[in-house]
Amino acid sequence: MGNKLFKGKTLAILTGGGDTPALNSSIESIRNRAALLGYKVYGIRMGWKGLLGEGDVVDLTNIPYDGWYGGTALLSSRTNPFASKKNPESRVPQVLKNLDRYGIDVLVSIGGDDTNGAAKRLFETEGIPVIGFPKTIDNDLRTRTWHHVEGKKIEAVLCPGFPSAAKAIAEMTANIKTTAESHQRIMVLEVMGRDAGWLTGTAIFGGATMALIPEVPMTQEKKELFFELVKENYLRHPKKALLIAVSEGVRWYDETKGKLDVVYASSEVDEFGHPRFGGISGVIASEISKRTGIEARAQITGYYPRSGMCRRYDKRLTQTLSDKIVELLLNKEYGKMPVMNKIVPFQELEEYNTSVIDMGDIGNQPLPLDYYNIDAFKFSSLYEDFLKNILSRVHYVDFDTDFPLVLP
Ligand code: F6P
């Protein structure tokens with residue numbers, strides 16, 4: 001115990017942006033490994049906000065921690081320490097002052113593009129020793145994770161938080177199915193994911209057959225084809241029920257405005273300049289009803305996939321990526337982020353399948369169009385293969401309701 005390598009050094013962890021079910025698991029895994037190396041481990045509360053003003057820092061070194069519990073016990077915020085439209089004055093000097101006051105030697109930033117983007121800038125402009133750690137249910141943070149399928153090599157993404165959220169969306173979709181069947185309705189499920197369709201696609205593992213994603217603008221012509229196919233798929237369905245998953249950020253042609261538009265839940269933007277989407281499913285469901293004559297209803301899946309327990313794929317993923325952090329710490333390699341280098345099933349979530357990327361390469365990664373069939377508004381078999389590694393299909397025993405008809 002006495003001769004631990006980093007005795008006397010302090011590593012601090014923060015979580016920024018939207019929560020995910022895998023954040024506590026990430027914190028726990030990183031804390032455990034850092035503590036084994038001899039670091040004192042601090043938690044910075046409320047993301048970058050916890051390094052402003054007087055700071056808000058807790059000691060995690062020898063505290064019991066529940067990594068299965070969803071969300072983040074360190075709390076989160078969408079604080080941007082750099083100058084932004086909303087906050088024109090840079091608060092980086094406050095961050096630097098607090099890193100010094102609390103004696104923080106290494107900072108691990110768990111976040112998506114925004115949080116890790118700020119970490120990257122602190123590393124590049126101020127030389128702060130940071131290590132990034134991926135996180136987002138949207139799965140849109142570039143991780144350079146290759147998916148080998150049918151002789152192709154697709155640049156995919158795998159971010160902790162996405163696997164748990166994916167399972168939740170698949171389960172919720174499978175549940176909604178009985179309501180759709182009971183009323184012979186079309187259900188339009190709206191799924192978070194901002195400008196990327198990764199999470200929307202996971203509804204196919206719960207029985208959604210059609211989907212709309214932000215990557216494919218729904219122009220006037222596309223809408224015509226879409227309504228036609230919706231009707232066709234509905235009428236072909238033995239129980240006259242159809243589940244359609246739509247991304248919250250779908251760009252949908254608005255006849256009254258004569259242009260493509262998105263639906264916002266609020267016009268307020270956060271410190272990184274993002275507005276909040278919400279409500280497109282209602283618009284689409286009502287237009288489907290009008291154009292096809294079939295009853296359609298909207299269901300916003302909202303925060304459900306972000307909440308609840310960490311699922312087992314995410315648990316092992318966060319542990320595996322944390323193993324790679326040990327290597328970065330030992331080599332004093334900063335400005336990097338551990339990632340999986342290929343899409344693998346649960347059993348192969350091992351350190352030998354990880355690599356590191358430069359935080360300079362961090363950015364947004366939309367859904368590759370290999371994963372989506374634009375003319376059918378369906379996710380492709382390649383995407384099913386991607387998902388198969390991460391979660392299983394939700395299968396409820398089907399109930400055959402084809403009863404013999406009684407004539408008077
Ligand atoms: O980035 C994660 C995410 O859940 C997005 O899918 C969604 O658009 C956004 O966060 C919602 O943000 P908030 O938590 O601020 O409502």
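The charged end of Arg316 sits over the ring of Phe346, 4.7 Å from its centre, and Arg312 also places its charged end over the ring of Phe346, at 3.9 Å from the centre. A charge sits over a ring when NZ of Lys or CZ of Arg is within 6 Å of the ring centre and within 35 degrees of the ring normal. This is a predicted model, where local features need pLDDT of at least 70, side-chain atom pairs count only at pLDDT 80 or more, and totals for chains, interfaces and linings use all residues. Residues are numbered from 1 along each chain as its sequence is written, and side-chain values use heavy atoms, with hydrogens and water left out.

Let us turn to rings that meet other rings. A pair of aromatic rings is described by the distance of the centres and the angle of the planes. Searching the whole structure gives 16 aromatic pairs; rings of Phe, Tyr and Trp (its six-membered ring) pair if their centres lie within 6.5 Å, and planes under 30 degrees apart count as stacked, over 60 as edge-to-face and the rest as tilted. Trp198 and Phe386 form a tilted pair, with 5.5 Å from centre to centre and 50° between the planes. This pair links distant parts of the chain, 188 residues apart: Trp198 is in the loop between strand S8 (186-191) and strand S9 (210-212), while Phe386 is in helix H8 (residues 381-390). Helices (H or I, at least four residues) and strands (E, at least two) are DSSP runs, numbered from the N terminus.

Is Trp198 buried or exposed? Trp198 counts as buried because its relative accessibility is 0%, and Phe386 is buried too, with a relative accessible area of 0%. Buried means under 20% relative accessible area, exposed over 50%, and partly exposed in between (1.4 Å probe, protein chains only). Ring pairs link Trp198 and Phe386 into a cluster with Phe162, Tyr371, Tyr372, Phe379 and Tyr383.

Now follow Phe386 back to its helix. The buried residues of H8 are Leu382, Tyr383, Phe386, Leu387, Asn389 and Ile390. They cover an arc of only 150° around the axis, so they lie on the same side of H8; the arc is that of the directions from the helix axis to the C-beta atoms. Among the elements covering these buried residues are helix H4 (162-183) and helix H7 (312-330), where contact means heavy atoms within 4.5 Å.
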